[in-house]
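Dear colleague,

I am passing the structure below on to you, and after it you will find an account of what turned up when it was examined. Please read the notes alongside the coordinates.

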Amino acid sequence: MKKTIIIISAFLFIVFTAQRSNAQINRTLETKVADILAQLPTNDLEHSDKLMEEIISLNTEGILQFCKLLVPPGTGNDTQARYAIESLAIYSGGKGNTIEKNSVEDALLKALEKSSDQEIKTFLIERLQFCGTNASTIQLSKYLSDKELYMPTLATLTVIGTPEAANTILGATKNADKNMQPAFIDALGVLKFKSATKLLQQFANQDSNLIKRKSLMALAEIAEPSSNNTLKNATINANYKLNGTNATNAYIHYANRLSENGNKDLSTTIGKLYLKNCTAEDQMHFRAAAIDLLRKNEGSAFIKTLIKESQNQNNEYTAAVLEAASQNMTSSEVFKWVKTYKKASDETKAQIIRMLSKRTEPEVFENCLKLAVKDNNEMVRITGMKALAYQNKDKSIPLLFEALKQTKSPAEYKAIEETLLKLCNTKDSELLYAQINELNNDGKIVLINLLAARGATSQFDAITGLINNTDAELNDAIYNSLKSVSTEDDLPELLILLNSTEDPQNIKYTQQAIIYVLDNSKNDYSKVVIEAYDKSNEKGKFIPILPSLNDDNSLTLVAEQLSSENIDGKITALEALGAWKNNDAIPYLFDFTSTCKNEELHSKAFEYYLYQVNNSTYPDDQKLLLLKKIMPFSLNTNEKSKVIQNAQNIKTFLSLIFVSKYIDNKELANTASNAAIAIALSTPGEDNELSGDIVREIVTKSANTISGPESQYTKIDANEFLDNMSDEKGFLPIFNGKDLTGWKGLVKNPIERSKMSKTELAKAQTKANEQMLKDWFVKDGIIGFKGEGYNNICTIKDYGDFEMIVDWKITNGGDSGIYLRGTPQVQIWDLARVDVGAQVGSGGLYNNKTHKSIPLKVADNPINEWNTFRIKMVGERVTVYLNGVLVTDNVVLENYWDKGIPIFSKEAIELQAHGEDLGFRNVYVREINSGDVLLNEEEQKEGFKSLFNGKDLDHWIGNKKDYLVENNELVVRPKQGGHGNLYTSKEYSDFVFRFEFKLTPGANNGLGIHVPLEGDAAYVGKELQILDNTAAIYANLEPYQYHGSVYGIIAAKRGFLNPVGEWNYEEVIVKGDYIKITLNGNVIIDGNFKEASRNGTLDGKEHPGLKRNKGHIAFLGHGSELQFRNIRIKGLKD
Amino acid sequence: MKNKTNSRRDFIKKSITAAAGISIIPRHVMGGNGFLAPSDQLTKAVIGVGAMGQGHLTYEGTKLLAICDADGNHLANTLKKVGKDVKGYRDFREVLIRPDIDIIHIAAPPHWHGLMSVMAAEAGKDVWCEKPMTRTIGEGKRVVEAMKVHGRMFRLNTWFRFKDNFYGMQTPVKNIKKAVDSGALGWPLKVTISGVTGFNWKFYWVGKTNLTPQTIPSNLDYNMWLGPAPEKPYNPHRVHQTFRGYWDYDGGGLGDMGQHYIDPVQYFLGKDNTSPVKVEVDSPQQHYDAIGTWRKITYTYADGCQIILDGENKDKNAAYIEGPNGKIFKGFKSTIPNLKKIIDGIPDPKEQISTFSESVRTRQKFGLNEENGHRSATIVNMGIIALRLGRNLDFDPVKQEFINDEEANRLIDQPMRSSWAY
């Protein structure tokens, strides 16, 4: 098997290196090392293995290159090198029964030799724990005398664990520094190294308690018979007690090891010494250890002692004795224990019962458990009852019933009930019930509880037949059981029961049973229930079950009850509304809460309202509106904080804005901050986190505000979230809540405006602005309209593609709308205005003629209540959600001003006035970057062409698997360390090529020019380096390897890269043999290929590509992650 | 009853006079018939009072006599909060030799758990230990042996197998066990632990690479804090609240929540005496020191049952338990009609002792003890070893060794600072 693996991997290795060498054969070792390092740490394990193969193929010299990069902590960043060496050590140790000598071990030892830093040496020594073999022992032995290195060295030698390794340690032990010796002794013990016995015996007689302690324990581990005297004397000196030498533990440990090694005689002798010498309270755990040992050694022959020891007064000890006795217990031993049982003390009886409870010998049941449940001592009885859970069910149940008849103790009732629960299933119901008449009331309660727990619906009649008893507790148990034993067949009887019962608690139980039946039935029982309701004189009893009917008729009955004078009646009605099963109870609860003056009722209603909103089927936007609506009616901080906690379940931007308003409120700060963080961050398993500048601001503030025990975790989560958030701006307010900053009066329409002169327009604008201030006002964070005309206002800024959130409210007969890109409109109107067709609802594209103008659904809230629009416009299409309901689905917005042309690509957002009162609040816009980065005007004029539109790779060929379009950028994501290239589909000879790139730490790529589609581009074409040469891993580059250099041919000027993570702008001009590269405005190459290579290339290699003057332009992957954008080209010839 | 109590009180008084200098009588001195009144409080010491240890100060049924911490600030701050009877220590070995302490609570970081548990047992103490139980599989084996040899009681401090609603399942494990035991799901079962099924993996327990060495604060005995862990240059991120991010001390998110999440699964699958035979990992390459994240860890038992840890919540439709005949999802929702009825209809699981003082008093093994605790810790440690080695491993649950992989086996008893030799 192993051989096959080696052959296969060798084969893969050859194939792999062959491929690589084809592409990379001419690279320097440094470049290869740097290329590999740049890929670490890998995102998956396969990739890592592949790289390790690659490193191992670089031989010792290559591996040492990685080791050379190690630096002492705090003096630089060698993280990638450490990843490489750790993985190498693991990979080379390999999977198999033994670890064999390998080239990585060899290299690590060489690096160890060369290194002068103790931390680096420690790191290298510890890596040998994975791949070290005997081959390491000689060199490692050198470090055993080094104060700073002996411990990692001992650890590694211990792990290697061969006799040679052990011998190396032994050799160094005798003359080791006194302070270091204890660790050596420990290691010899761990290795169970017999040859160390003599030396350790000497050590055990030294004065130092530490050396003594360590030596005794090591001798115990090694367990040579010759150590007996040493250990015994030390234990005698310790009086068989715990002391500084730990001898008493070592000696029994020794005995255990002897036993494992087969030397039972000596082991048993030691055990007996402990029995003789350990009798005091503080020695009992040593005595217990001896019992454990002797039981192991002597087996059944030890039973007599065990029985005798079980009579000890110390129950901790007797428990240990019985634990030992229970190991491999034979039947004949069981009989002996059964006999012992009768004579035992109460405590020991209990212990014997527990020990025997799982045994099936009939004697256990007959001569032990049967007696136990009738014992004089309650603890023994209870232990016996519990033990029956493990015995034959048919035998145990009668015994438990017998006990049930006898007992009077609550603890025993409990024990019997618990045991029967462990024995009985539903099928035992009849058997259980058959006993009922034999029992007193307490016993009956146990039985009823059992039947209830097992859902014994067959016993409904029997159980209810026991009602009317004078015993209140029994009655309670019966009523309490109803919800577990009732079915829909029992409904009529339950309704009768409800009517006749007077006890409040039992009324509740009966209601619960009816609710359970109704909720779990597929049939409609409205008629039956309402009939009972109508007949009843105590209608209040029926109110709580009405939510389970869940129809309008029942809701009316509940509402009637709510307006009753009686407080209890009101509470019952509120509870019913709180339990209602659809959204219909919400308005009733709101009306009640907003008008209720009674604090207790208010708080109940408030809670039920929140519960109903939270559990309603409304979309999030509507839920949030309902929460905001109740907030002004909260009477105290507690109620406010409950609203905020409910908003926490609504993961929308507006919800975040809502809760964030309370962060500055001292009493609500913690609740609001926690809610804000919960809203903004994703819930586990979903990608629903929010982002953008405002989100960032709120989460940052919240994380700084939260306190309490869990807050440190939340803070870590919040900070990670902030670190990973994209830098897109997200939703920004276009209304500041205070004044009309950012808004202006509307002048005519876009087409007419475009025809006006600048001065004309300015004049008209001034007038419109004056009018705006007359007609529009801002109050309490709301934009209001008080004018009479039709003077709209609009944003000063123009918007192209965007998403908008806005809350709006109209009064009776209201009519308004939102203009998108200066064009009408997303409609807002009063549904009552059927004369103009308003019954279709708001949110349609009212002015559309060809495309849909009517909303998909009516989703308006009533007049005078707030509504939320979420509007998205991309290209010419519009999507609208009204109160969370999709009402306009990706519909083209027609150009109202000129039907002959499509909608404007960019224009203002307008709020429409229409003469009636209306208000807007929470106006936010998120601009959508369509990603189509166009050429600037100058470039257009000069004849540049865009090679990348931010959407697809249309102008490109080659590796489209690792080169991806993300966020309108070209991203390189090498999955398996692929070295794939992405080529322009066209070939170019002379050109101006402009692009932007962003590096990740250590990133390596290249810009190929004049390249064919095969071969190593740096040689068969020319490669202009794209490289983060600031990374530590590139410390040893040749000048012609730095960023911008024509690889191997012309060295570029260094020092003009922007910091990693920022965009760089580069222009490459190629004209014949002439090349000029400008990086971030600085010319870094201005040269000529021919001239530069006249006296041979800088890397001394052949570059056949120098002869080419035409080819593809390509991004040359070296396995790193980086990004490109704004890629433009202008051909100078073709 | 009343008389008996009185006579016991008299006895205590006499004993106090006799044993001058020891103010609290250890419970085992009481001996007698082993009778222990509820008023007879057990005594305890808490080792490690930085974060987790704070919770241990107040566990009911026991009286706190000593606290211990390697950080003088932790010690001083905690001493201010606890009663005057409580004595502070910097070296836990001084606590272990106090004869009047019954139970040692170990809330030091996980690299200490194994060693302290064994030493406590050797000193005749019962042990209440934080999760994860031990940092290596080898240490776990030694704890099991030490408890058995000396007849000690041990509880691991996670409790879901016998108490509380089980995270996103929103129901006690007892009901899950009954559902499994009912056979309604069929066999073998696949259990998926992820955010989707109601269990969130916390990946903020990741370590930092390339830490700059810093001066050890004067209040911290770093050598004692490290104990058996290898010596590395001090940086505050390695200790206290953030130590979980380093292999030397713990296992990151898996070490933190793993045993909470996995232990009940072992219980309801009936695997308390065994371990999976295979572990498979999908993760980024791991650093030698700082713990990183992982995507998925899959454990397979000999009978085909599986536990899947989905760190990325990738399987959006994952059931918590999936069997050939049905599934149970987050919130205990199930594809099996009337699952509740089925559960109600069958016998309850056998008893688990769920208060440690009862276990200590009656000497019955605690519900989650050194044996089943070691088995669930083994799953955590199997995952850690596979992550560190970056490969899948086969395991022999009887020998408790990896099969055909010496390198993995070297990590079963991964040497720390040679030994903690002082």
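**Helix packing, cavities and backbone**

In this model, which is predicted, α19(A) passes α21(A) in a right-handed crossing. The helices concerned are α19, residues 315-326 of chain A, and α21, residues 346-356 of chain A, and they pack at an angle of about 25 degrees with their axes 10 Å apart. Because angles under 35 degrees count as roughly parallel, α19(A) is roughly parallel to α21(A). On the side of α19(A), the residues that meet α21(A) are Asn315(A), Thr318(A), Ala319(A), Leu322(A), Ala325(A) and Ser326(A), and their partners in α21(A) are Glu347(A), Thr348(A), Gln351(A), Ile352(A) and Met355(A). By class, this contact of α19(A) with α21(A) is made up of five nonpolar residues, five polar and one charged.

A second pair in chain A is formed by helix α7 (residues 118-131) and helix α9 (residues 150-160), whose axes come within 8 Å and cross at roughly 15 degrees. These two helices, α7(A) and α9(A), are therefore roughly parallel to each other as well, but here the crossing is left-handed. Thr122(A), Ile125(A), Glu126(A), Leu128(A) and Gln129(A) are the residues of α7(A) in the contact, and they meet Pro152(A), Thr153(A), Ala155(A), Thr156(A) and Val159(A) of α9(A). The contact of α7(A) with α9(A) divides into five nonpolar residues, four polar and one charged.

The largest cavity holds about 210 Å³ of space, and 20 residues line it, with Pro73(A), Glu119(A), Asn210(B), Leu211(B) and Tyr288(B) lying nearest its centre. In the lining of the largest cavity there are six nonpolar residues, seven polar and seven charged.

The second largest cavity has about 100 Å³ of space. Its lining consists of Arg135(B), Thr136(B), Ile137(B), Trp247(B), Asp250(B), Asn381(B), Ile384(B), Ile385(B), Arg388(B), Leu411(B) and Gln414(B). Helix α13 of chain B, which covers residues 370-389, gives the most to that lining, contributing four residues. Sorted by class, the lining of the second largest cavity has five nonpolar, three polar and three charged residues.

Some details of the backbone may also be of use when you go through the model. As background, most residues other than glycine have a negative phi, and most peptide bonds are trans. The peptide bond from Leu40(A) to Pro41(A) is cis, with omega near -5 degrees, and Pro41(A) sits in the loop between α2 (29-37) and α3 (45-56) of chain A.

Asn59(A) is part of helix α4 (residues 59-68) of chain A, whereas Arg821(A) is placed in the loop between β7 (815-820) and β8 (823-829) of chain A.

With kind regards

Key. Residues are numbered from 1 along each chain as its sequence is written. Chains are lettered from A and ligands numbered from 1 in the order in which they are written. This is a predicted model: local features need pLDDT of at least 70, side-chain atom pairs count only at pLDDT 80 or more; totals for chains, interfaces and linings use all residues. Side-chain values use heavy atoms; hydrogens and water are left out. On a 1 Å grid over the protein atoms alone, a cavity is a set of points where a 1.4 Å probe fits but cannot get out, and a pocket is an open set with protein on both sides within 12 Å along at least five of seven lines; lining residues have an atom within 4 Å of a point. Grid points are joined across faces, edges and corners, and a volume is the space filled by probe spheres set on the points. Ala, Val, Leu, Ile, Met, Phe, Trp, Tyr, Cys and Pro count as nonpolar, Asp, Glu, Lys and Arg as charged, and the others, Gly among them, as polar. Axes are lines fitted to C-alpha atoms, for helices over the stretch in contact, and angles run from 0 to 180 degrees between N-to-C directions. Angles under 35 degrees count as roughly parallel, over 145 as roughly antiparallel, 65 to 115 as roughly perpendicular and the rest as oblique. A crossing is left-handed if the near helix is turned anticlockwise from the far one by less than a right angle, and right-handed if clockwise. Contact means heavy atoms within 4.5 Å.
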